[in-house]
Amino acid sequence: MRVGKGNWWLWVFHHADSAVFIAAKHRSKAVVHAFLGDWRPDYWISDRYGGQMGWATREHQVCLAHLIRDVQYAIDSGDAVFAPA
């Protein structure tokens, strides 16, 4: 998102019927840590960006839309090992 003349990130933390939006200059783990503090959720869903990894106490689900995009890229690029015809 644009803030002033700079690019910022819009973080969305969602649970059940509640959501918190945080605009931050950075996409680092510091943003998540500032929001969560020492509390950790049982489950976490995100893309595979490093700043979003390692927060769940039980399971981490990678965003299926990101996985599909990455698999399609491998297929389109002609990968014969990961995505054979």
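Is Asp47 buried or exposed? In this predicted model, Asp47 counts as buried because its relative accessibility is 14%, and buried means under 20%. The residue sits in a loop.

The side chain of Asp47 has two polar partners to note. One is the side chain of Arg27, joined to that of Asp47 by a polar contact of 2.7 Å. The other is a backbone atom: the side chain of Asp47 reaches the nitrogen of Tyr49 at 3.1 Å.

Strands E3 (residues 9–15) and E4 (residues 18–24) run antiparallel. Seven bridges join them. Trp9 stands opposite Ala24 in E4. Two residues lie between the strands of this hairpin, and Ala16 takes a positive phi near 50°.

The nonpolar residues were then grouped. The largest nonpolar core has eight residues. Its members are Trp11, Phe13, Ala24, Val31, Val32, Leu36, Trp44 and Trp55. Strand E3 and helix H1 (29–36) each supply at least two residues of this core. H1 gives the most, with three residues. In soluble globular proteins, nonpolar side chains tend to be buried together.

Val31 belongs to this core. Leaving aside neighbours within four places in sequence, Val31 is in contact with Trp11, Ile22, Ala24 and His26. Among these, Trp11 and Ala24 are also core members.

Terms used. Residues numbered from 1 in each chain as written. Predicted model: local features only at pLDDT ≥ 70, side-chain atom pairs only at ≥ 80, totals over all residues. Heavy atoms only, no water. Helix = DSSP H or I, 4+ residues; strand = E, 2+ residues; numbered from the N terminus. Buried < 20%, exposed > 50% of the residue type's maximum accessible area, 1.4 Å probe, protein only. Polar contact = N/O pair within 3.5 Å; in protein donor to acceptor, adjacent residues only side chain to side chain. Pairing = 2+ DSSP bridges. Core = buried A, V, L, I, M, F, W, Y, C linked by side-chain atoms within 4.5 Å. Contact = heavy atoms within 4.5 Å.
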